[in-house]
Amino acid sequence: NRVLYSTGLRTPKCISAFINAQKILKAGFDTPKPFAYIIERRNGLIRHSYLLSEQIENARQVRECWGTAFMRAFAIYTAKIHEKGLTSRDYTPGNILCRKENGNFRFFLIDVNRFQFKNKPLTLDQAPYSLYTTMSSEKDLCFFIRCYSEYRAMDEKYLKYKTFLCRRVRAKYSALKRLLKKIPGAKKLTLRPIKRNN
């Protein structure tokens, strides 16, 4: 990975995060404003990279929040992101901050280097790839899907089926990956993450 990032075959994470943050802000969603990035090299290879950005005060990670009102607000927020064609390969409760302002929940996207920007809203078949990581509890995820599908006027039953299918596939992949890592020299055999529809 270090060679790939250093030679430009892959974009360094700090650059991706810097560019993606600007795109997210332009799309009308909140994320810490990026100021600059720093890449430290040694013998031509990237050793460390940093992103300098605004610090969000008085906010908690989404995984630290709870309640029906919060989950509904989070589901609607996610639906709005998807309607704008934004999606992330790492849309997890640890990568989203939440702060309550004037009785409403305000969300901030962080660690945005893996965000993708499409030209149109996510479809019923594309959305589940970002939804299955939103809630750890299956009961909460069912409620989240209900709120999401109501807002986007989607088939709740199908969306739930596809989301939980993605969740099961990912769980099996993670279990297999953990098993393979225990075998000396087996890291090269690990599979790629499930592919998302374009």
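Leaving out its neighbours within four places in sequence, Arg167 is in contact (heavy atoms within 4.5 Å) with Tyr132, Met135, Ser136, Ser137, Glu138 and Leu141. Before I go on, please keep in mind that this is a predicted model, in which local features need pLDDT of at least 70 and side-chain atom pairs count only at pLDDT 80 or more, while totals for chains, interfaces and linings use all residues. Residues are numbered from 1 along each chain as its sequence is written, and side-chain values use heavy atoms, with hydrogens and water left out.

Back to Arg167, then, which lies in helix α6; helices here are DSSP runs of H or I with at least four residues, strands are runs of E with at least two, and both are numbered from the N terminus. Arg167 is buried, yet Arg167 has no salt bridge, and the nearest side chain of opposite charge, Glu138, is 4.5 Å away. By buried I mean under 20% relative accessible area, with exposed being over 50% and partly exposed in between, using a 1.4 Å probe and protein chains only. A salt bridge requires a side-chain nitrogen of Lys or Arg within 4 Å of a carboxyl oxygen of Asp or Glu; for charge, Lys and Arg count as positive and Asp and Glu as negative, while His and the chain ends are not counted. What does lie by the side chain of Arg167 is the backbone oxygen of Ser136, 2.6 Å from one of its polar atoms.

The side chains of Asp125 and Lys162 meet in one, at 3.3 Å from N to O. Asp125 sits in the loop between β7 (115–117) and α4 (128–131), and Lys162 in helix α6 (residues 156–181), so this pair ties together parts that are 37 residues apart in sequence. Lys162 is buried, at 11% relative accessible area, whereas Asp125 is partly exposed, at 31%.

Another salt bridge joins Arg72 and Glu150, with 4.0 Å from N to O. This pair links distant parts of the chain, Arg72 being in helix α3 (residues 68–83) and Glu150 in helix α5 (residues 138–152), 78 residues apart. Arg72 counts as partly exposed because its relative accessibility is 35%, and Glu150 counts as exposed because its value is 53%.

Finally, Glu101 and Arg106 form a salt bridge whose closest N and O atoms are 3.2 Å apart, and Asp30, Arg99, Glu101 and Arg106 are linked in a network of salt bridges.

Technical notes
A polar contact is a pair of N or O atoms within 3.5 Å; within protein, one must be able to donate a hydrogen and the other to accept it, and residues adjacent in sequence count only if both atoms are side-chain atoms.
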